[in-house]
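The sequence and structure come first.

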Amino acid sequence: MEKRTIDTDPQETKEWLDSVEEVLEESGQERLSFLLKKATAHAERLGARQPFSLITPYINTVQQNEQKKYPGERKTERRIKSLIRWNAMAMVVRANNSSPGIGGHISTYASSATLLEVAFNHCLKGEEHPNGSDLVFFQGHSSPGIYARAFLEGRLSKEHLKNFRRELAKEGGLSSYPHPWLMPEFWQFATVSMGLGPLMAIYQARFMNYLIDRGIIKETGRKVWAFLGDGEMDEPEAMGALTMAAREQLNNLIFVVNCNLQRLDGPVRGNGKIIQELEGAFRGAGWNVIKVIWGEGWDSLIEKDKTGLLLKRMGEVVDGEMIKYIVEDGKYFRKNFFGKYPELLELVNKHSDRELKRLKPGGHDPEKIYAAYFEAINHKGQPTVVLARTIKGYGLGEAGEGRNITHQQKKLNEKELLHFRDRFEIPLTDKKATTAPFYRFKKESNEEKYLLERRKRLGGFLPKRRKKTKPITIPNISIFNELISGTGNRKISTTMAFIRILTILSKEKNIGKYIVPIVPDEARTFGMDPLFRQLGIYAHFGQRYDPVDSDQFLYYKEIKEGQILEEGINEAGAISSFIAAGTSYSNYGINMIPFYIYYSMFGFQRVWDFIWAAGDMRTRGFLLGGTAGRTTLNGEGLQHQDGHSHLAAAATPNIKAYDLAYSYEIAVIIHHGMKEMVEEQKDVIYYLTVENENYKHPPMPEGSENEIIKGMYKIKSTDMPTLRLLGSGPLIKEAIEAARLFALDWEIDAGIWCVTSFSELRKEAEEVERWNLLNPNNKQRRSHLEKKLKNQKVPTVAVSDYVKMVAEQIAPYVPGPYYALGTDGFGRSDTRENLRRFFEIDRHYIVLAGIRALALAGKIKKSKMQEAVKKYKINPKKPNPRNT
Ligand SMILES: Cc1ncc(C[n+]2csc(CCOP(=O)(O)OP(=O)(O)O)c2C)c(N)n1
Ligand SMILES: [Mg+2]
């Protein structure tokens, strides 16, 4: 044992403790804390080193005598909550009875019902609240409870509940989890991919302050709530931005962690204490932590525990054992928990085994929960986390309460249903109860009135999602004239062109202030630093220092009203800001337009799950994969050179992805995108890849605007081309050079098309194909590709700076033979020229592929192929770049 934990003078110890009690009684807690702090500081100064601890004893943070009085009718609320529990359970059980394996969760909501009901009845503000609504992230798999409540509120029908997880049912169904894409008037935040919710909630709260600080909305005390699982907190994303929340002093943010001590397979920390671990982490990060561990029944025991032995026992029991007490009976609990020390057995000698068993954890005690929420809501200067201990599968009894299988429990047998009915006093006969019917309060019953009145007072139902807001008119495209008319002899990159567009937009009278540039510590890489001064970097506390570059015109300017979100090296956080900004039309009724520019390699590859959630949440905005292209970004090597993000983008349903070559293309696409998002209120994300290769940009070919948007426009036409070349992004230049070589070396006339989006071309062609399949008797339609290319069934060679599959997307829809060149394999550093040769996408390989295409089509002699190999010094023994 450590020397300093041995009590060498118990009498002296007692005197110290007596003084503590005396001060507490006579002068109160604040004075006591003050004296203790002073004494500790003094002791430290004298050399008595204190063990550092972020963890407080394993008891409730809010003591019984400090609890705010409960503002509701406990009995009525219990009846309401019990019925929600019943209906939530019935939904899952019925769904699985009628369609085994359809899934659903009973145990999560069973553990969080009190956490949610107290919040619904007393805290969460709805849309019509004079201060505006709170933004609530619900724990994804507690969705049955949220639906069951909406059913009692009269917002959902029995049919809806019957069709839980049956979304293809004729009458429509309810989505498994919170999915705004599937239930756009109901769910606001997609939370079921664990870990994303907590991170997005933090950035949502920060974005709320951003809007306030910039004077776009008023400060009205709106809160962001996130209801989370304790197992979920193991996701790195869940805890990844805790320090940011504290640094920004987000007192508009409340986390409620449902600490049922279990996750899917078993205990979250069988050999430890998750609540203590989380307390340490949150406090260490600078959060206000409120623990709600013990229910009311424990208060008198804690009070009677004069020696601190109960406290010691509470602290030493690991979670694995704690769960065992839930599963076992009262006798076991007495013997193993209290029985460890004879004095503790004495403490509970007046309690029967049944009474012991009924001692609840704090998360099932509405008064304790309310007291915690009250403090959380009123806390200043820090975000708050409520760590509430609950029981997974609460009330399920042997069917799952505290069992390791509980997460997967989806069916209850007759006996278990009757147990549930009895446990929560649901007024159903045996016969009825065993059919697990949905049950509602009678119209005008006390319970119904109470339920509706509470929500009315708090501003209406939750969750509820607004689909649209008032559109803003996007200025005419002529604002981008300088980009549309070409750069003359000036060589610029597409990234520079984009930054110019951003600059023009942010100065625009109508929409300037709604533009939200977001960057994760790459602004200088993209040449965006001039915007630092023009727009300012958002900093809630302004700039408290004189920046090292303050003497320069373009200094690092942090201000409270700053427009740029400079997120630091944090792509997950930056995409969360993008989501918050891109859903502000729904959450705040304002059309913010985010432009999130990042190293394209660290976009889809790193945070696709967030981007997927952004799609689900109907986010609107622009993602810009900067310095993209596997050979265009040439020096940075394997982990920087993106050649595949367009595959991911193409597979994300509401993303329109473009790989751009010229500044006028960027202008046209961004202008069109803004029109869709802001004028037409379409839920779309645009993904643009922009590069860092400098070259001259020609003026926009007359009338090509529409085709640029569709994905392909003509660069060089010939009357009767023998061959067609498609190029995209900076590789269009290689296609143009290849066409020159065809003419020069082979007397072959090649037409050139610039592809702005293989995925948009594919989507449209696939749509047409599908229509034709389903409507054989109607006049068959033709896709953009067909319309443009049908007269020339010549071979096509396509090239991009992405893996071949990107260009191959359109192969089935292009008339004639189709060959794609691309950058399959790991990138590496070298000159662009060498890399393009290495990946076999340069002009010579394009020509070789074209010669072969023509030879195979019988248009030229086969011997020409070997001629080309020789002529361009191509090494046939060269290993495949994909494998090297
Ligand atoms: C990223 C991710 N990984 C895995 C899952 C599958 N999953 C669903 S619920 C669950 C356990 C959740 O445990 P916890 O967070 O403690 O919530 P509880 O149900 O205990 O309240 C898991 C692993 C998921 N939804 N998301
Ligand atoms: Mg859990």
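The second largest pocket has a volume of about 890 Å³. A pocket here is an open set of points on a 1 Å grid over the protein atoms alone, where a 1.4 Å probe fits, with protein on both sides within 12 Å along at least five of seven lines. Its volume is the space filled by probe spheres set on the points, which are joined across faces, edges and corners. The model is predicted: local features need pLDDT of at least 70 and side-chain atom pairs pLDDT 80 or more, while totals for chains, interfaces and linings use all residues. Residues are numbered from 1 along each chain as its sequence is written, chains are lettered from A and ligands numbered from 1 in the order written, and side-chain values use heavy atoms, without hydrogens and water.

Lining residues, those with an atom within 4 Å of a point, number 30 for this pocket. Nearest its centre lie Ile-326, Lys-357, Arg-358, Glu-401 and Arg-423. At least two lining residues come from each of α12 (319-327), α15 (353-357) and α17 (414-423); helices are DSSP runs (H or I, at least four residues) numbered from the N terminus. The lining has 14 nonpolar, three polar and 13 charged residues, where Asp, Glu, Lys and Arg count as charged, Ala, Val, Leu, Ile, Met, Phe, Trp, Tyr, Cys and Pro as nonpolar, and the others, Gly among them, as polar.

Rings of Phe, Tyr and Trp (its six-membered ring) pair if their centres lie within 6.5 Å, and planes over 60 degrees apart count as edge-to-face. The count comes to 49 aromatic pairs. Two edge-to-face examples follow.

| Pair | Centre to centre | Angle between planes |
|---|---|---|
| Phe-282 and Trp-287 | 5.0 Å | 80 degrees |
| Trp-298 and Phe-333 | 6.2 Å | 65 degrees |

Trp-298 in helix α10 (residues 297-304) and Phe-333 in helix α13 (residues 330-336) are 35 residues apart, so their pair links distant parts of the chain. Trp-298 counts as buried (under 20% relative accessible area, with a 1.4 Å probe and protein chains only), because its relative accessibility is 2%. Phe-282 and Trp-287 are both buried.

Charges also meet rings. Lys-273 has its charged end over the ring of Tyr-58, 3.7 Å from the centre; this requires NZ of Lys or CZ of Arg within 6 Å of the ring centre and within 35 degrees of the ring normal. Arg-620 lies over the face of Tyr-585, 3.4 Å from the ring centre.

Lys-859 is in the loop between α34 (843-856) and α35 (863-871).

Methods: Phe/Tyr/Trp six-rings, centres within 6.5 Å; stacked < 30°, edge-to-face > 60°. Buried < 20%, exposed > 50% of the residue type's maximum accessible area, 1.4 Å probe, protein only.
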